Amino acid sequence: MTTPHANPEDMDLYALDALDGEEKQRLEEHLRACPACQRDLAAARGRAALLGLSAPPAAPPASVKSTLLQRARAERPASAPQAVVTKPQKIRWGLRFSFGFGLAAAALAFTTFELAKADLDRGKQINQLQARLSKDELAMQAMGQVTSAPDSAGITLLQQPGGPPGQAHVMYNARMGMAVYSGQLAPAPAGKSYQLWLVPASGAPVSAGLVDANQQSGAVVVHVAPGLVAKAFAVTVEPQGGMPQPTGPKVLVGAA
Amino acid sequence: MTAQAQQVPDSALIEKMMAGDEAALSTLYDRYSPMLFGMLTRILNDRQAAEEVLQDIFLQVWRNGAQFDASRGSMPAWLMVMGRNRAISRLRGRRDREVLEENEGDFAGTFVSTQNIEEEASRAQMARNVSAALAQLPKEQRQAVELAYFEGMTQSEIAVRTGTPLGTVKTRVRTAMQSLRQILG
């Protein structure tokens, strides 16, 4: 006796994500055991995807692309440190980043000009400075977006019992998938790194990259997948270069 | 100039992106953002929200281009699947779709597309074919399919919205999808 295949009506509805209730459960049970129906479903989904082409194409604003490229450029893997921007201390979030960046940008621009005037052979240094200025500009723009967004939230991360003294602040925007981190800790033990984690409302912690012990004199932009609802942020001690999931002790924790 | 410049294949762009080439991301964005933005705007009916989802899609491609499996279908079809999932998720507050989208073991993320719509001309022709196919459908069939695709409604929700028995909704969707299949081959 052969197993009857899935009802074609249900297959089409499932391909459109429109099947519900017990019928959906039954179909999924069948699909798990039926490669032929799995192939039919994949083809039906491929056809269903084309329905979107019936919507007229529309050009998005240029700002979408420029922000996308800026975010892509600013992103780094968890094992790489993020761009750091100098800032003065004890000024409100947005202001202190802006002021700090302004000083850094002005200094770099002046230095670049002087180098160009003094010695053409130092072109390599100029290029490096310009690259740094460009990177800092992008980091600054990202910080400005996070700190000025009304749906960003500030979180204070406090030291943990038995851990090194320290404190940090995170300004997080779930919609953008970006956070601005600033904090200070004792230097990490030899061969270890500090790693920042977003602890989501459900699921495993998500790495937000490595952070320096003394991030107090600068701020760092970190990126995570947009839309993550944060329950907390934490900093842990991890093997140098970081880990996919936290393995070491929590030294700073802050509830969102 | 007598011939159009050869288009860099999507697969080559993905490889370059995985090596950190921002120009490849820029090219891919220019190629497919109008198609996606049109669909996202239709689903979300909110340009700001559509812009955010559009950016998230390409950022996802930038981060995880390796997830793209050319054996399963074309890049534009993958983008459409991912874009629709995210837009419907946002529209309906159903984050499950985004989770399922990247879960290899789940049928919700399974699709195969044999249609070649990488070239702009073939994509435009396919868009005309799909639009024509939908336009030829009886109003009730088209409405059922569009409520499912563009509004993310389930069969039960479509039945309530249209005041139609569930069995009729099933038949309408089935008939409409069969018509689409005949036209698309």
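A: The account below begins with the chain as a whole, turns to the helix and its neighbours, and ends with the partner chain.

This is a predicted model, in which local features require pLDDT of at least 70 and side-chain atom pairs count only at pLDDT 80 or more, while totals for chains, interfaces and linings use all residues. Residues are numbered from 1 along each chain as its sequence is written, and chains are lettered from A and ligands numbered from 1 in the order in which they are written.

Chain B contains nine helices and zero strands; helices (H or I, at least four residues) and strands (E, at least two) are DSSP runs, numbered from the N terminus. Of its 185 residues, 44% count as buried, a residue being buried if 20 or more other C-beta atoms lie within 10 Å of its own, exposed if 12 or fewer, and partly exposed in between, with C-beta atoms placed from the backbone. Two residues are in contact if their C-beta atoms, placed from the backbone, lie within 7 Å. Among the contacts in chain B with a separation of 6 or more, 59% join residues 24 or more positions apart.

The helix of interest is α2(B), residues 22–44. Its axis lies 9 Å from that of α3(B), residues 47–64, at an angle of about 140 degrees; axes are lines fitted to C-alpha atoms, for helices over the stretch in contact, and angles run from 0 to 180 degrees between N-to-C directions. The pair is therefore oblique, since angles under 35 degrees count as roughly parallel, over 145 as roughly antiparallel, 65 to 115 as roughly perpendicular and the rest as oblique. The crossing of α2(B) with α3(B) is right-handed; a crossing is left-handed if the near helix is turned anticlockwise from the far one by less than a right angle, and right-handed if clockwise. The residues of α2(B) that meet α3(B) include Leu36(B), Phe37(B) and Leu40(B), and those on the α3(B) side include Val53(B), Leu54(B) and Ile57(B). This contact comprises 15 nonpolar, two polar and one charged residues. Here Ala, Val, Leu, Ile, Met, Phe, Trp, Tyr, Cys and Pro count as nonpolar, Asp, Glu, Lys and Arg as charged, and the others, Gly among them, as polar.

Within α2(B), Leu40(B) is buried, because 29 other C-beta atoms lie within 10 Å. Beyond neighbours within four places in sequence, Leu40(B) contacts Ala50(B), Val53(B), Leu54(B), Gly83(B) and Ala87(B). Its C-alpha atom is 9.9 Å from that of Glu52(B), twelve residues apart along the chain.

α2(B) also packs with α1(B), residues 10–18, at an angle of about 140 degrees and with the axes 7 Å apart. This crossing is left-handed. Asp10(B), Leu13(B), Lys16(B) and Met17(B) of α1(B) meet Ala24(B), Leu25(B), Thr27(B) and Leu28(B) of α2(B), a set of five nonpolar, one polar and two charged residues.

Turning to the partner, the contact between the chains takes 43 residues from chain A and 55 residues from chain B. On the chain A side, α3(A) gives the most, with nine residues. Chain A averages a pLDDT of 76, with 72% of the residues scoring at least 70; pLDDT is the predictor's confidence in each residue, from 0 to 100. Over residues 76–99 of chain A, pLDDT stays under 50. Where pLDDT is low, the predicted coordinates should not be read in detail.
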